[in-house]
Amino acid sequence: QVQLVESGGGTVQAGGSLRLSCAASGRTFSNYAMGWFSQAPGKEREFVAGINWSGGSTEHADSVKGRFTISRDNAENTVYLQMNKLKPEDTAVYYCAAFWGLGTLRIGIRRHDYDYWGQGTQVTVSS
């Protein structure tokens, strides 16, 4: 089992920044590809960004390219989502997720790619 705990959410004005963190425990963190998803009220959970096991490959949704950046620190067992130039439409609960991906460049962009999920952290962007 992999346990994931998100932090760093909050309320920020449009144009501001937040950095989300997701701390992993329970298994060797560097064996897992990681991702961030968002879910706004009444909407489906959708892909935001993903990163492979080593951090050498990343993918970002078109809606966040140039504004959000995913990264990881395998020594700290943590994945990050740096969120800049935030917009009101970014308001959502943000979840981190993991699946086994050691030795591959594979990045999951679909919910069912992932086996483990955190509890989520709320991000609210006011206009």
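Guide: Start with disulfides; this is a predicted model, and the count comes to 1 disulfide.

Visitor: What makes Cys22 and Cys96 a disulfide?

Guide: The rule asks for two cysteine sulfur atoms within 2.5 Å. Cys22 and Cys96 have an S to S distance of 1.9 Å. That value is inside the cut-off, so the pair is called a disulfide.

Visitor: What does the pair tie together?

Guide: Cys22 sits in strand β3, and Cys96 sits in strand β9 (residues 92-100). The pair therefore links parts that are 74 residues apart in sequence.

Visitor: Are Cys22 and Cys96 buried or exposed?

Guide: Both cysteines are buried. That label needs a relative accessible area under 20%.

Visitor: Why is Asn52 called buried?

Guide: Its relative accessible area is 0%. The limit for buried is under 20%, so Asn52 qualifies. Asn52 lies in the loop between β5 and β6 (58-60).

Visitor: How do you know that the Asn52 side chain makes a polar contact with Gly56?

Guide: The side chain of Asn52 reaches the backbone nitrogen of Gly56 at 3.0 Å. The cut-off is 3.5 Å, so the distance passes. The Asn52 side chain also reaches the backbone nitrogen of Ser57, at 2.9 Å.

Visitor: Which residues is Asn52 in contact with, leaving aside neighbours within four places in sequence?

Guide: They are Ala33, Ser57, Arg72, Thr104, Leu105, Arg106 and Ile107. Contact here takes heavy atoms within 4.5 Å.

Visitor: Why is Pro41 called exposed?

Guide: Pro41 has a relative accessible area of 75%. Pro41 is found in the loop between β4 (32-39) and β5 (46-51). Its C-alpha atom is separated from that of His112 by 20 Å. Along the chain, Pro41 and His112 are 71 residues apart.

Visitor: What makes β1 and β3 a pair of strands?

Guide: Pairing needs at least two bridges. Strand β1 (residues 3-7) and strand β3 (residues 18-25) have 5 bridges, so they pair. The sense is antiparallel. Ser7 stands opposite Ser21 in β3.

Visitor: How do you know that β3 also pairs with β8?

Guide: β3 and strand β8 (residues 78-83) share 6 bridges. At least two are needed, so these strands pair. Here too the sense is antiparallel. Ser21 stands opposite Tyr80 in β8.

How values were computed:
Residues are numbered from 1 along each chain as its sequence is written. This is a predicted model: local features need pLDDT of at least 70, side-chain atom pairs count only at pLDDT 80 or more; totals for chains, interfaces and linings use all residues. Side-chain values use heavy atoms; hydrogens and water are left out. Helices (H or I, at least four residues) and strands (E, at least two) are DSSP runs, numbered from the N terminus. Buried means under 20% relative accessible area, exposed over 50%, partly exposed in between (1.4 Å probe, protein chains only). A polar contact is a pair of N or O atoms within 3.5 Å; within protein, one must be able to donate a hydrogen and the other to accept it, and residues adjacent in sequence count only if both atoms are side-chain atoms.
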